[in-house]
Amino acid sequence: ITYTLGTGCFSTMVLTINPIPATITGITNICSGATSTLSSATTGGTWSSSNTLIATVGSATGIMTGVGTGGITTINYTMPTGCATSISVTINPIPGTFGGTFSGCVGYATILTNTASGGTWTSSSPSMATIAPLTGVVATLSAGNPIMTYTMPGGCFATQTITINSLPAA
């Protein structure tokens, strides 16, 4: 850059313009406890998380891990020049601990619970046992081992197998 006075005197300075790193790519919506590898086509940068209580990221690898009960945070990729790019990531909560009775005979009813609220229930085999999506009320219909799934908003889920025994012969 040159600055010239009306008298013809001038001063010149070299100014370096550094590029912003390429856009961050990778899966940015994961469950707590899961990992995703983030990347940028620009090499040589360092990764960081704006909130390590929601997501951590390997400073050299870009491997992000969802932590805690989830939330939204920002992952940054910074070049040695200070130029950076960032991306918002969502970490979804996973279900907690199951409660209820997990075995019984055909015809028994129970209520399954989960310490995490806001999820919905489904049965792997409604011909063996049905489950009310919002209340967790189970009705057993035939012998077997159906799997009950509790899914949180955001898609994270956990499963619990129940055992349904045949009724004894008269």
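The model is predicted: local features need pLDDT of at least 70, side-chain atom pairs count only at pLDDT 80 or more, and totals for chains, interfaces and linings use all residues. Residues are numbered from 1 along each chain as its sequence is written, and side-chain values use heavy atoms, with hydrogens and water left out.

Strands of a sheet pair through backbone hydrogen bonds, either parallel or antiparallel. Here, strands are DSSP runs of E with at least two residues, numbered from the N terminus, and two strands pair if DSSP finds at least two bridges between them. Three strands form an open sheet in the order β4-β7-β6, with antiparallel pairing. Its edge strands, β4 (35-37) and β6 (55-57), each pair on one side only. On average, neighbouring strands of this sheet are turned by 20° against each other, direction ignored; the axes behind such angles are lines fitted to C-alpha atoms, and angles run from 0 to 180 degrees between N-to-C directions. Strand β4 is joined to β7 (residues 63-66) by three bridges, and the two run antiparallel. Thr-37 has Ile-63 in β7 as its bridge partner.

Strand β9 (residues 84-92) is joined to β3 (residues 29-31) by three bridges in a parallel arrangement, in which Ile-30 is partnered with Ile-91 of β9. Strand β9 also pairs with β8 (residues 71-78), in the antiparallel sense and over eight bridges. In this pairing, Ile-72 stands opposite Thr-90 of β9. β8 and β9 form a hairpin with five residues between them, and Gly-82 in the turn has a positive phi of about 100°.

Asn-114 is buried because its relative accessible area is 13%, where buried means under 20%, exposed over 50% and partly exposed in between (1.4 Å probe, protein chains only). The side chain of Asn-114 reaches two backbone nitrogens: that of Gly-96 at 2.7 Å and that of Ala-116 at 2.9 Å.

Ile-1 lies in the segment before β1 (2-4) and is exposed, with a relative accessible area of 67%.

Methods: Helix = DSSP H or I, 4+ residues; strand = E, 2+ residues; numbered from the N terminus. Polar contact = N/O pair within 3.5 Å; in protein donor to acceptor, adjacent residues only side chain to side chain.
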